[in-house]
Every structure is written in C-alpha cells, then in structure tokens.
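Biologist: I am new to this structure. Can we go through it feature by feature?
Modeller: Gladly; here it is.

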Amino acid sequence: MDMDHAHTLSLPNGDVVKKPFLIGVAGGTASGKSTVCKKIMTELGQTDMDHTQRQVVTISQDSFYRELTAAEKAKAFQGLYNFDHPDAFDEQLMYDTLEAILKGVKVEIPGYDYKTNSLDYENKLTIYPADVVLFEGILVFYFPKIRDLFHMKLFVDTDSDTRLARRVPRDINERGRDLDAVLTQYMTFVKPAFEEFCSPTKKFADVIIPRGADNTVAIDLIVHHIGEILRPGSSAINSGANASSNTANAHNTTNVNSTTTSSSNHTPSAMIREH
Ligand SMILES: Nc1ncnc2c1ncn2[C@@H]1O[C@H](COP(=O)(O)OP(=O)(O)O)[C@@H](O)[C@H]1O
Ligand SMILES: O=c1ccn([C@@H]2O[C@H](COP(=O)(O)O)[C@@H](O)[C@H]2O)c(=O)[nH]1
C-alpha cells in the first residue's frame with residue numbers, strides 16, 4: 001500500500017481510498033467529550049447527512065469494553081465493577097480497529113448498552129472511509145500504541161465537581177442506574193481511576209479544552225485547524241500534531257485566551273502544544 005498523498009492511500013489494485021485524519025478526544029467522565037465531538041461535527045457541516053456520505057465520524061471507546069461474565073454483571077448492577085480501569089477495555093481490538101480505519105478499510109463497531117453493561121450488536125455503527133475520525137473516551141491516551149496512532153490529541157478538561165453533577169442525573173436518567181449505585185461506583189472506582197489513569201494522560205494532549213463544549217473559542221480554533229488540514233493540497237497533515245511525532249513536550253504550550261487581554265489570571269480557552 002502506497003501512502004502517496006496527504007489524504008489518500010493507493011491500494012496495490014489501483015484503488016484510491018481516503019486516509020483519515022485521526023483525532024483522539026480524552027477527558028474524565030461527563031467532561032463533555034461526546035458533546036465536543038458533536039459540536040465539531042456540526043461546525044464541519046456533518047449533521048443531517050446520510051452516514052455513508054459523512055467526512056467526519058465519531059467513535060466511542062465504550063464500544064471496546066470487554067464482555068462481562070454473569071458474575072461481573074451482577075457486580076456492575078450494584079456499582080461494584082471497575083469500568084474505569086484500563087483492563088476493562090479490549091486494547092488489542094481497539095488498536096486493530098483504528099489501524100484498519102487508518103488503512104481506509106470499512107469497519108463495523110458495536111454500540112454500547114449502559115443499561116445491560118454490554119456491547120450492542122443490534123446497533124452497529126459502520127465506519128466508511130472518512131476524512132476525519134474522532135475517537136473519544138476516558139482512556140484513549142492511556143495505551144501508548146493507540147496514543148501513537150493519533151494525528152491530533154484533544155483533552156476535555158472540566159472540573160470534577162461539574163463532572164459529578166452531570167454524571168449523577170445522566171446515569172440515573174439515561175443509563176438506568178439508581179443513586180446509591182452511581183455514588184458507590186463513583187467513589188470506589190471512577191474518582192480514583194480518573195486520578196490514576198486518565199488525568200495523567202492530559203500531558204499527551206496537543207490541545208487542552210477547559211470547560212468543554214462551553215468553550216466555543218477553543219472549538220472554533222480546532223474546527224479551523226481541521227478545515228485547513230482537509231483543504232485539498234494542504235500539507236498540514238504531515239506537520240504539527242502528527243501520529244509519528246507523539247513526543248509532546250508538556251512544557252511547550254501556547255495559551256490562547258478567550259479575551260484579547262492576556263492577564264495570567266484568565267483561564268485559557270485552549271492550550272495548544274507546539275511540536
Ligand atoms: N457544556 C455543558 N453544559 C451543560 N451540560 C453539558 C455540557 N456538556 C455536556 N453536558 C451534559 O453532561 C452530560 C455528559 O456530557 P457528555 O458530552 O456525554 O460527556 P462525556 O462524553 O465526556 O461523558 C450530558 O448529559 C450532557 O448533555
Ligand atoms: O457499563 C458501563 C460502562 C461504562 N460506565 C462508565 O462510563 C464512563 C465512561 O463513559 P463517559 O461517557 O466518558 O462518562 C466510565 O466512567 C464508566 O464508569 C458505566 O458506568 N457502565
């Protein structure tokens with residue numbers, strides 16, 4: 001297979017397929033990862049479009065949870081299963097799937113049913129070769145081999161009180177949980193695992209988005225950058241944030257403020273790392 005152009009791959013049989021630009025979107029639970037992805041897709045004009053025609057698609061890391069045994073499911077119903085530990089995910093399947101996507105192969109990904117804690121093969125998502133693939137989840141930067149596949153890495157940085165305040169009603173209203181189980185799971189697993197496994201991966205991000213989807217300045221900047229990358233003839237895919245140069249220096253950041261004044265007291269709209 002020949003990687004002869006920034007946006008396409010030439011197959012040995014002469015076919016040319018799209019070479020997607022892969023973006024990782026990490027962040028704590030209920031930080032707004034899905035909402036940020038939706039906003040990016042909307043701003044790139046991808047809503048109200050047949051999914052086979054989409055240039056931008058979003059995949060959730062939750063589609064790569066390992067299947068639970070009956071005993072594990074019984075624990076999960078009481079909030080006593082650790083879904084926030086890296087071992088809860090099928091790392092190899094995640095890697096193989098992203099590799100296939102990067103090769104322009106059409107893949108099928110199951111949905112995830114939070115009410116039954118299981119993969120949902122009735123609601124599969126077919127990923128057709130796309131220009132941009134967003135892969136979102138709490139631990140998408142945790143696994144080094146997977147981290148190295150991303151051309152761009154975003155971290156949605158929402159404070160833990162706000163995340164908990166969002167998670168409780170979401171899990172009760174949308175994920176079929178009761179208050180006791182939500183709080184038990186949060187205090188026993190979610191919070192400690194965030195500190196141990198998710199939060200330390202923030203240093204790998206190219207762009208940190210404080211306040212998530214509320215941060216329209218950061219989202220506009222990201223959308224503009226993606227637009228530049230996708231522009232025909234652009235060489236941007238091979239520069240800047242790049243899958244082959246994932247040695248982001250945690251100290252090498254530029255703060256982009258939402259206001260024109262640059263007082264150090266302002267929370268930055270986005271922190272863009274320079275490579
Ligand atoms: N900026 C925001 N303001 C208010 N509610 C939000 C905001 N962003 C997300 N939410 C809500 O918080 C919950 C979690 O958001 P979601 O995007 O699903 O987070 P994640 O994908 O990180 O788990 C959802 O119910 C969503 O509607
Ligand atoms: O069956 C499950 C699977 C996952 N979870 C929790 O979901 C979050 C990750 O999803 P977000 O949308 O990023 O919040 C993770 O913290 C798991 O604890 C679950 O409760 N049950």
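Biologist: Is strand 7 mostly covered or mostly uncovered?
Modeller: Start with the terms. Helices (H or I, at least four residues) and strands (E, at least two) are DSSP runs, numbered from the N terminus. A residue is buried if 20 or more other C-beta atoms lie within 10 Å of its own, exposed if 12 or fewer, and partly exposed in between; C-beta atoms are placed from the backbone. In this predicted model, strand 7 (residues 132–136) is mostly covered, with 5 of its 5 residues buried. Val132, Leu134 and Glu136 point one way, Val133 and Phe135 the other way.

Biologist: Which numbering and which residues do you rely on?
Modeller: Residues count from 1 along each chain as its sequence is written, while chains are lettered from A and ligands numbered from 1 in the order in which they are written. The model is predicted, and local features need pLDDT of at least 70, side-chain atom pairs count only at pLDDT 80 or more, and totals for chains, interfaces and linings use all residues.

Biologist: Which strands are joined to strand 7?
Modeller: Two strands pair if DSSP finds at least two bridges between them. Strand 3 (residues 21–27) runs parallel to strand 7, with 5 bridges. Here isoleucine 23 stands opposite leucine 134. Strand 4 (residues 56–60) also runs parallel to strand 7, again through 5 bridges. There serine 60 faces glutamate 136.

Biologist: What surrounds ligand 1?
Modeller: A residue is near a molecule if its C-beta atom, placed from the backbone, lies within 6 Å of it. For ligand 1 that gives 13 residues, the closest being Gly32, Lys33, Ser34, Thr35 and Arg166. Helix 1 (33–43) and helix 5 (160–173) each give two or more residues to this shell. Helix 1 gives the most, with 3 residues.

Biologist: How do the shells of ligand 1 and ligand 2 divide by class?
Modeller: Ala, Val, Leu, Ile, Met, Phe, Trp, Tyr, Cys and Pro count as nonpolar, Asp, Glu, Lys and Arg as charged, and the others, Gly among them, as polar. The shell around ligand 1 has 2 nonpolar, 7 polar and 4 charged residues. The shell around ligand 2 has 6 nonpolar, 2 polar and 3 charged. Its members include Thr29, Ala30, Lys33, Asp62 and Tyr65.

Biologist: What is the phi of alanine 30 near?
Modeller: Phi of alanine 30 is near 60°, a positive value in a residue other than glycine. Alanine 30 sits in the loop between strand 3 and helix 1. It counts as buried because it has 24 C-beta neighbours inside 10 Å.

Biologist: Why is arginine 211 partly exposed?
Modeller: Arginine 211 is partly exposed because 18 other C-beta atoms lie within 10 Å. Its loop lies between strand 9 (207–210) and helix 7 (216–230).

Biologist: Where is confidence lowest, and where highest?
Modeller: pLDDT is the predictor's confidence in each residue, from 0 to 100. The protein averages 83, and 81% of the residues score at least 70. Confidence is lowest in strand 10 (residues 253–257), at a mean of 28, and highest in helix 4 (residues 144–147), at 98. Over residues 238–275, pLDDT stays under 50. Where pLDDT is low, predicted coordinates should not be read in detail.

How values were computed
Contact = placed C-beta atoms within 7 Å.
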